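Here are some friendly notes to read alongside the model. Please keep the viewer open and take the points one at a time.

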Amino acid sequence: MADWLKILASHIHSQRQRYPGKPMMVVFDIDGTILDLSYSIEYCFKEYDRTHQTQFFKNLNRLELNIHENYPQQLLQQMNIPYDKHEEMLGWYWQILWSEECLKNVLKPYPGVLEVIRWLQSQEAVTVGLNTGRPERMRQITLQTLNSLGKPHCVEFFSHLLFMNPNGWHDRVSDGKIEGIRYFKILGYQIVAMLDNEPVNLRAIADMDPHKEILLMHADTLYESDTLLLPANAVRGQRYDIKKLQSSSVPAF
């Protein structure tokens, strides 16, 4: 099977041929697609140990995590943490997970993803948009975090190309994704692809795209919705290998 990034390069080329002169956009989700929340999960619980002078999570290794960030209790159960500690630990977790400290200093990108975004941004008439389930109130901290991480890679993100979930935190996220795609289309972009780690979000985009012009790309990381929801034409990948793009031919206009 062809690599998902090679498929992306080919799709950009075909869309350029179909819509000559029109600006193209590749849309990325953020959490679980650009940013690896396993760092945050590990940090929250290790910080619990440090603050409370306990050792419940001394053997916790983020590389072995197999839980979505919305289900921390599964981790407590897997680690056989005494049940009477769960409420306190979960309260701590939710207090820390989306804190400014965690967002600015703990979150890290998946290996290679910023190099891929840089490559896309360097292509003629190709723009990268962000379509996130985060609420509007997190716009400033989101841009600060991403631009701080992106700066060493010469990657920059802009507020007008960041669509936040208008429905609030964790509320009707898929509807928000649809609104985001519509927003970018109103700006005049041809949406070439959408990368997201949640199958349910890609299903929502598929349902609004009857001509299948948007390449649906599933970031196969940690997700909570069922992969059975993935559209049949979606492509999946785990590695952001810039060499796959660099070796692909995407002719200019």
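1. Asn 80 sits in the loop between α3 and α4. This is a predicted model, and in it Asn 80 has a positive phi of about 55 degrees, although this residue is not a glycine. As background, most residues other than glycine have a negative phi. Is Asn 80 buried or exposed? Asn 80 counts as exposed because its relative accessibility is 66%, and the cut-off for that label is over 50%.

2. Cys 154 lies in the loop between α7 (139–150) and β5 (162–165). Its phi is positive, about 60 degrees, and Cys 154 is not a glycine either. With 53% relative accessibility, Cys 154 counts as exposed.

3. Next, please turn to helix α2, which covers residues 38–52. This helix has 15 residues and reaches 21 Å from its first C-alpha to its last. That span is close to the 21 Å expected at 1.5 Å a residue. The buried residues of α2 include Ser 38, Tyr 39, Ile 41, Cys 44, Phe 45 and Tyr 48. Glu 42, Glu 47 and Asp 49 are also among the buried residues of this helix. What do they pack against? The buried residues of α2 pack against the strands β2 (35–36) and β3 (108–109), and against the helices α3 (72–78), α4 (86–97) and α5 (100–105).

4. Cys 44 counts as buried, because its relative accessibility is 0%. How many disulfides does a search of the whole structure find? The search finds 0 disulfides. For Cys 44, the nearest cysteine sulfur is that of Cys 102, 4.6 Å away. A disulfide needs the two sulfur atoms within 2.5 Å, so Cys 44 is in no disulfide.

5. Asn 131 is placed in β4 and counts as buried, with 0% relative accessibility. Leaving aside residues up to four places away in sequence, Asn 131 touches a set that includes Val 27, Phe 28, Asp 29, Phe 163, Lys 177, Phe 184 and Met 194. Asn 131 and Ile 178 are 47 residues apart in sequence, and their C-alpha atoms are 9.2 Å apart in space.

6. Val 128 is also found in strand β4. Its relative accessibility is 5%, so Val 128 counts as buried. Again not counting residues up to four places away in sequence, Val 128 touches Met 25, Val 26, Phe 28, Ile 117, Leu 120, Gln 121, Phe 157 and Leu 161.

7. The largest pocket holds about 340 Å³ of space. Its lining is made up of 20 residues, and Gly 133, His 170, Val 173, Glu 198 and Glu 224 lie nearest its centre. Which elements give two or more residues to this lining? They are β4 (126–135), α8 (173–186) and α9 (199–207). Of these, β4 gives the most, with 3 residues. By class, the lining of the largest pocket has 8 charged, 8 polar and 4 nonpolar residues.

8. In α9, Pro 199, Asn 201, Leu 202, Ala 204, Ile 205 and Ala 206 are buried. The elements that cover these buried residues include α8, β6 (190–196) and β7 (215–219).

9. Finally, the second largest pocket has a volume of about 210 Å³. It is lined by 15 residues, and those nearest its centre are Asp 36, Ser 38, Arg 62, Tyr 110 and Leu 222. The lining of the second largest pocket divides into 6 nonpolar, 5 polar and 4 charged residues. Ser 38, one of the residues nearest that centre, is also listed among the buried residues of α2.

Conventions. Residues are numbered from 1 along each chain as its sequence is written. This is a predicted model: local features need pLDDT of at least 70, side-chain atom pairs count only at pLDDT 80 or more; totals for chains, interfaces and linings use all residues. Side-chain values use heavy atoms; hydrogens and water are left out. On a 1 Å grid over the protein atoms alone, a cavity is a set of points where a 1.4 Å probe fits but cannot get out, and a pocket is an open set with protein on both sides within 12 Å along at least five of seven lines; lining residues have an atom within 4 Å of a point. Grid points are joined across faces, edges and corners, and a volume is the space filled by probe spheres set on the points. Helices (H or I, at least four residues) and strands (E, at least two) are DSSP runs, numbered from the N terminus. Ala, Val, Leu, Ile, Met, Phe, Trp, Tyr, Cys and Pro count as nonpolar, Asp, Glu, Lys and Arg as charged, and the others, Gly among them, as polar. The expected span of a helix is 1.5 Å times one less than its number of residues. Buried means under 20% relative accessible area, exposed over 50%, partly exposed in between (1.4 Å probe, protein chains only). Contact means heavy atoms within 4.5 Å.
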